[in-house]
Amino acid sequence: MVQVEKEDYKEMYGNLDEPC
Amino acid sequence: MQPVFVTQKDYADLLAGNCEDEIMQELTNKKIILSHDGEDEDVLSWVRKQVPQPSISLCYFILSERCNLACKYCFLGNNSERRKLFSTNDMSREVADRAIDFFVRQLNFSGIDFEKNASQIIFFGGEPLINFEILEYVAQRINELRSKIPVLMSCEMSVITNGTLLTKERIIKLNDLGVTVNISIDGSTKEANEMRVDIAGNEVFDRLIAVLDLYKELHIKPSLSVSLSEKTIKDLPGLLSLMEKYDIKGLGYNILLCSDNYQLPDEYYEKASKFIIDSFKEFRPLGIYEDRIMRKLNSFAHSQIHFSDCGATAGGQLVFAPDGRVGICHEMLADKENFVTTVNDTTFNAKNNPLWQEWASLTPINCDDCIKCEALGICGGGCPVNARYKNPAKGLHVVDERSCVHAKTTLRFLIEDLYNIASGKTQG
């Protein structure tokens, strides 16, 4: 099982700040 | 719900009924395995109680229904026989004043704390810059009222324009007024922009590049509104080069709608969704925001239900027509369908208006056809008007298939992306 941490979700933003 | 990543062996063990306790516990914690009968129904019942009731936070000022272009994919139909349905009378100062008053009343009714949350005004058309005088008037008025009316304190203003009527003076004026400018352009080439034509059928791409050159000269950054034409989604490098040249840091993609005048092949939505994801991969390291996928990412990364992807189906939107009629959806502008009151109505309250309540209920969370969809939590639905066009018998209470493709494709990407990050960490 691959452990998913909160930091992994943060990393999905890359250089984007978290909140037509 | 959050994903749990297990090996194929663990999965086989799970199906065989001899799964490790640790994995079983994690699957239960993440609600992938139910801890008791009826748990799914309990969760769904709770989530449905959280569906927001109508609360106005944004409005469209339709400054003019006239447009100097006749784009081939125009979702309003301002490019065909329907053109004669649009009014030739622009918004007056008197209507604008009453619309501001009407908007402020609804903001006060909304119950939203506008010291923490921004209310929002979008200048729209037709082509809103045809009536630049009233745009300038409304923006100045809002700026004057900020210190006097709390719900307008942090009001954000933006204009959606085809860009052809922007001059150096207007660019500077809009910047000074704090109005964000979103210019409609579909890529870096004439081919990508071939749908954008004036009334005589002439392409306008060269005029848009001249406007972007003005922005660059003035060191002001516009945002882009990019409609995903079939040519646009074949040329991501071209769009990236355009954005780099003009230092664009924000944009929104528009997935096209079908109409009597404009049909799309079935595979279009899959390709458009893939284009949005491919763009995100390029934009992410550059810090460039694309609205549509960010809403999905925010929902996924924060385990928050995304109830509605549309201001109207969130029950949060007003549309002011130039003649002062008030509606809920600007896509219904030509026929004035669901324009149910006027700016003179001082008793109106969207929170208890049946039309706004009905639209606020149009979230996929309330749609039985959507309940078994894996992307339900991040979807937010699509456009009820587009859905009705594809399936008239069901009225507005029908699934917009565009959003299904987009939500499912995006969810698959987000899960794979998270897996790559999490597994890369353990391998590294």
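Me: Before we dig in, what counts as a salt bridge here?
Reply: A salt bridge is a side-chain nitrogen of Lys or Arg within 4 Å of a carboxyl oxygen of Asp or Glu. Keep in mind that we're looking at a predicted model.

Me: Got it. So what does B:Lys221 pair with, and how far apart are the closest N and O atoms?
Reply: B:Lys221 pairs with B:Asp247, and their closest N and O atoms are 3.0 Å apart. B:Lys221 sits in the loop between α7 (205-218) and β5 (223-227) of chain B, while B:Asp247 is in the loop between α8 (236-245) and β6 (250-254), so the pair ties together parts that are 26 residues apart in sequence.

Me: Are those two buried or exposed?
Reply: B:Lys221 counts as exposed, at 52% relative accessibility. B:Asp247 is partly exposed, with 32%.

Me: How many salt bridges are there over all chains?
Reply: A search of the whole structure gives 20. There is also a network in which shared partners join B:Lys274, B:Asp278 and B:Lys281.

Me: What about pairs inside a helix? What does B:Lys9 do?
Reply: B:Lys9 forms a salt bridge with B:Asp13, with the closest N and O atoms 2.9 Å apart. Both residues belong to helix α1 of chain B and are four residues apart, about one turn of the helix. B:Lys9 is exposed, at 57% relative accessible area.

Me: And which residue does B:Glu94 meet?
Reply: That would be B:Arg98, at 3.3 Å from N to O. This pair lies in helix α4 of chain B, again four residues apart, about one turn of the helix. B:Arg98 is partly exposed, with a relative accessibility of 37%.

Me: Let's stay on α4. What end-to-end span should that helix have, and what does the model give?
Reply: Helix α4 of chain B has 18 residues (93-110), and at 1.5 Å a residue they should span 26 Å; the end C-alpha atoms are 26 Å apart, which agrees. Just after the helix, B:Gly111 takes a positive phi of about 85°.

Me: Which parts of chain B do its buried residues pack against?
Reply: They pack against strands β1 (58-62), β2 (120-124), β8 (317-320), β9 (325-327) and β10 (339-342), plus helix α5 (132-145). Among the buried residues of α4 are B:Val95, B:Ile100, B:Phe102, B:Phe103 and B:Leu107, and the list also includes B:Gln106 and B:Ser110.

Me: Which residues have a positive phi although they are not glycine?
Reply: B:His219 is one of them, with a phi of about 60°, and B:Lys336 also has a phi of about 60°. B:His219 is in the loop between α7 and β5, and B:Lys336 is in the loop between β9 and β10.

Me: Buried or exposed, those two?
Reply: B:His219 is exposed at 74% relative accessible area, whereas B:Lys336 is buried at 11%.

Me: Last topic, the interface. How much area do chain B and chain A bury between them?
Reply: About 2200 Å², with 64% of it on carbon and sulfur atoms. In chain B, the residues that lose the most area to chain A are B:Arg284, B:Leu418 and B:Ile421, together 21% of what that side buries. The contact takes 34 residues from chain B and 17 residues from chain A.

Me: And how many salt bridges go across it?
Reply: Zero, by the rule used for the interface of chain B and chain A.

Terms used. Residues are numbered from 1 along each chain as its sequence is written. Chains are lettered from A and ligands numbered from 1 in the order in which they are written. This is a predicted model: local features need pLDDT of at least 70, side-chain atom pairs count only at pLDDT 80 or more; totals for chains, interfaces and linings use all residues. Side-chain values use heavy atoms; hydrogens and water are left out. Helices (H or I, at least four residues) and strands (E, at least two) are DSSP runs, numbered from the N terminus. The expected span of a helix is 1.5 Å times one less than its number of residues. Buried means under 20% relative accessible area, exposed over 50%, partly exposed in between (1.4 Å probe, protein chains only). Contact means heavy atoms within 4.5 Å. Buried area is the accessible area (1.4 Å probe) that two parts lose on being put together, summed over both.
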